[in-house]
Each structure stands twice: as structure tokens, then as C-alpha cells.
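Please look over the model below before reading on. The numbered points after it follow what can be read from the coordinates.

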Amino acid sequence: MAIVFLLLGLIVFAAIGVPLAFSIGASCITYLMGNSPMFLSMMPQRIWNGVYSELMIAMPLFMLAGELMNTGGITKRIIDFCTELLRPIRGGLGEVNIVASMIFGGISGSSVADTSALGSILIPAMEEKGYPPAVSAGITVASSTMGMIIPPSTPMVVYAMVSGASIGALFMAGAVPGLLIGLTQLVIVYLISARKGWHPEKIPFSWKRFWKAMFSGIPALLMPLFIIVCVSGGVCTASESAGVAVLYSILVGFLLYRELKWADVWTALKKTLISSSSVMIIIGFTSIFTWILTIQKVPDLVANLFMSMNLPPWGIALMFDLLILIIGTFIDVSPAILLLTPIMLPVMKYFGFSELQFGAMMITGLAIGLVTPPVGMCLNACNKINRMPIISIFKGALPYVLCNVVVLVSISLIPALTTWLPHVLGY
């Protein structure tokens with residue numbers, strides 16, 4: 001009964017408008033005051049232990065690298081390269097949006113950053129070329145979901161901290177699902193664009209124009225490859241590679257493209273400080289929440305519930321997919337990872353799912369929540385760009401988000417899609 005009051009407290013505080021981080025903290029304090037007042041003195045230590053992790057250094061550094069590369073001229077060069085790459089197949093700006101998101105996702109590690117960076121350039125350009133506003137916004141937010149799946153991924157850093165899984169192995173586990181989402185979305189966008197007449201007029205392919213765009217975009221294209229090789233090859237840790245990524249983005253922005261200014265660096269630092277500190281506060285309070293759940297043996301109760309259903313592993317996987325889609329609709333990515341992993345990971349391991357497959361399933365499912373109302377962080381980011389209602393943006397994104405659902409079900413039923421690449425690389 002006590003755990004019911006804990007959960008009800010969280011729901012009530014969130015419902016009256018208290019920010020989620022403080023809703024979690026307030027519900028924990030209320031619970032402890034009513035059941036175990038002697039443990040209140042342990043809260044500061046538990047909160048500190050929750051965020052005191054060397055691995056967590058990577059999260060703000062990856063965020064900072066993405067901000068610096070966005071303001072340093074990288075985004076424009078990615079779009080120019082993708083335009084020339086797709087020109088031989090008459091790829092329009094819809095296809096350019098998808099491929100650019102695949103590349104940019106490997107730089108920023110953030111879907112919201114992807115929406116903000118590419119959307120501010122591509123949405124107006126797509127509307128100018130005849131794409132309806134809802135479609136332009138929908139393709140942008142749907143393709144941005146790859147940002148938190150294709151490595152490097154900020155949510156995977158959070159998951160690695162909670163689960164203890166290798167961050168390098170997690171990066172590799174997300175590579176195939178991220179690429180599958182991109183490829184399936186690319187096919188759907190191409191077919192719809194061809195049917196609607198949104199493809200540009202056929203322009204003769206020019207090797208000169210292509211090589212110019214490629215050489216200009218090489219620094220951006222090398223960034224995700226560099227991070228993946230360094231982390232997966234054991235050259236450096238995730239935190240060290242994130243630090244190198246920040247240095248790399250500064251050098252490229254200042255010395256190569258010469259578009260990065262000191263004012264941009266200061267702005268990027270402020271944005272990173274705000275974004276990462278909010279996540280850290282959530283992590284700190286969630287560590288108390290999960291500690292209480294563990295004391296109350298909630299993971300055991302959930303495990304017994306699932307086992308009592310007598311479902312095969314594939315049935316458990318589909319049930320978890322449904323659960324993660326529902327939760328992702330109402331809770332942001334990091335809090336959902338922190339709340340669900342301690343409860344569900346032992347259950348899924350019991351049914352034969354590895355921590356890599358489980359992590360890929362969770363992050364792929366939560367990425368869909370970024371483009372579903374009412375929370376939908378990517379929807380809100382896109383709303384700030386084009387001022388469209390988030391419901392209209394969601395309707396425009398729906399055909400392409402279905403690709404994410406298909407990939408989520410596929411990686412849930414076919415473990416090799418997430419475990420093959422880490423196994424090949426020796427994890």
C-alpha cells in the first residue's frame with residue numbers, strides 16, 4: 001500500500017504542474033516522511049551518488065560538441081552534401097532531410113538538437129519547393145528520432161550508467177536499428193514524394209559539384225566515425241571521446257570553416273549547462289525513487305506478474321514495446337530510462353533478453369515518444385520553428401513514425417539486429 005502512495009504522489013505533483021524532477025523528489029520526501037523518517041538524512045548522499053559517475057561526464061560534452069558544430073557551419077555543409085548525394089535519384093528535400101538527420105544524429109546524439117538545427121533550415125526550404133507545411137515539419141521530426149539511436153547517443157550514456165552495460169557495445173547495438181529506421185523512412189518519403197510530385201526537376205549530375213560538397217562536408221562526416229572507432233576500439237573511453245569531440249568541433253569551427261565565434265561558444269555553453277543540469281537533477285532524484293522501489297521489492301512483484309502470464313518471450317517483448325510506447329507518450333526519455341531500467345531489466349533478462357537488446361528496444365521505443373503528443377519534445381521544438389499546432393505536426397509525421405514502430409518490433413523479435421554488430425567487434 002505504501003508504494004501506491006509513492007506513485008500517487010508522483011502523479012499528483014506532476015498533474016498540478018510541478019516539474020518532473022521535483023515531482024519525483026517531492027513524492028520521495030512525502031513517502032519517507034510517512035514511512036521511514038530516519039532515511040530522510042540519507043537523501044543528499046543518495047542524490048550525490050546518483051549523479052557521481054565518470055560516465056556521466058560524456059553526456060554534457062556530447063551535447064556541447066553538437067551545439068558547437070551546429071553553430072560552426074556544419075549543418076549547412078551536411079545539407080549541401082546530402083543534396084548532391086541524392087541528386088542522381090532525383091531525391092528531393094524530403095530525402096535530403098532523412099539522410100541529413102542520419103549524419104547529424106551521429107554528431108549531436110540528440111533528437112531535439114537535430115529537429116532544431118535541421119528544421120530551421122529545411123522546413124522553410126521544403127515549403128518553398130512545394131511540400132505542405134505539415135509534411136515538411138512531420139518529416140523533420142520523424143527523421144530526428146534517429147539522433148538518439150545512431151551513435152553517439154546521449155540516452156545510451158544514461159542507460160549505460162543505470163544498467164552497467166558497456167557504452168561502446170551500446171553504441172554498436174544502436175547502429176543497425178538507427179540505420180534501419182533511416183532506410184525505411186527514406187523509402188517511404190521517396191515513394192510519397194514521387195507520387196505527390198515533390199521531386200525536383202532532373203538536373204545533370206556534376207562530379208565537380210559533388211566533390212566540392214563532399215570535401216567541404218568531410219569534417220562533419222568524420223566526426224561520428226571517429227567517435228565510434230575510438231570508443232568501440234578501446235582507444236579511449238566515452239567521456240574522453242566526448243572531450244575530443246568538443247576540441248574537434250572548436251578547431252573545425254574556428255580554423256577550418258571560420259564561422260564559429262566566441263559569442264557562439266558562450267551561447268553553446270549556456271545551452272549545454274541548462275540542458276545537462278536538468279537531466280542531472282532528474283537523475284539525482286530518480287536514484288532515490290528507484291532505491292525506494294527496490295526496498296519495496298517492486299522489481300520482484302513485476303517479475304512475478306509477467307511470469308504468471310505464461311507468455312513466450314516474444315509475447316513479453318511485444319508487451320514491453322506497448323508499455324514503452326505508452327510511457328514515452330507522457331514521460332521524457334531520461335526519466336523513463338531511469339525509472340524503468342531497474343524494474344524491467346531483471347525481468348527481461350529472466351526471459352532471455354540481453355541488456356544490449358533491452359537497451360536498444362527501450363531507446364528506440366522512447367524515441368517514438370519524442371514525436372507523440374502531449375509531451376513530444378521534438379514536436380515542441382518544431383512548433384517553435386514553424387508555429388504549427390503540435391497535433392498538425394504529428395499528423396504529418398505519422399506515416400514516417402510507423403517506420404520506427406516496425407523497426408522496434410523487429411529488434412524485439414530478432415535479437416541479432418542489436419547483438420550481431422557488438423559480437424563481431426568483440427563485445
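Which residues form a nonpolar patch on the surface?

1. The model is a predicted one. Its nonpolar surface patch is made of Trp314, Leu318, Val409, Leu413 and Ile414. Together these residues have about 440 Å² of accessible area.

2. Two helices each give two or more residues to that patch: α15, which covers 313-330, and α19, which covers 390-413. Leu413, one of the patch residues, lies in α19.

3. A helix pair comes next. Two packed helices are described by the angle between their axes and the distance between the axes. For α4 (residues 58-71) and α9 (residues 154-163), the axes come within 9 Å and cross at roughly 175 degrees. An angle over 145 degrees counts as roughly antiparallel, and α4 and α9 are therefore roughly antiparallel to each other.

4. On the α4 side, the contact is made by Ala58, Met59, Phe62 and Met63. Helix α9 contributes Thr154, Val157 and Val158. Sorted by class, the contact of α4 with α9 has six nonpolar residues, one polar residue and no charged ones.

5. The structure contains four salt bridges. One of them joins Glu259 to Arg77, with 3.0 Å between the closest N and O atoms. Glu259 sits in the loop between α12 (238-256) and α13 (262-295), while Arg77 belongs to helix α5 (residues 74-86), so this pair ties together parts that are 182 residues apart in sequence.

Note on methods:
Residues are numbered from 1 along each chain as its sequence is written. This is a predicted model: local features need pLDDT of at least 70, side-chain atom pairs count only at pLDDT 80 or more; totals for chains, interfaces and linings use all residues. Side-chain values use heavy atoms; hydrogens and water are left out. Axes are lines fitted to C-alpha atoms, for helices over the stretch in contact, and angles run from 0 to 180 degrees between N-to-C directions. Helices (H or I, at least four residues) and strands (E, at least two) are DSSP runs, numbered from the N terminus. Angles under 35 degrees count as roughly parallel, over 145 as roughly antiparallel, 65 to 115 as roughly perpendicular and the rest as oblique. Contact means heavy atoms within 4.5 Å. Ala, Val, Leu, Ile, Met, Phe, Trp, Tyr, Cys and Pro count as nonpolar, Asp, Glu, Lys and Arg as charged, and the others, Gly among them, as polar. Patches are made of residues with over 30% relative accessible area and no salt bridge: like charges are joined within 9 Å, nonpolar side chains (Val, Leu, Ile, Met, Phe, Trp, Tyr) within 5 Å. Accessible areas come from the Shrake-Rupley method with a 1.4 Å probe; for residues, only the protein chains shown count as cover. A salt bridge is a side-chain nitrogen of Lys or Arg within 4 Å of a carboxyl oxygen of Asp or Glu.
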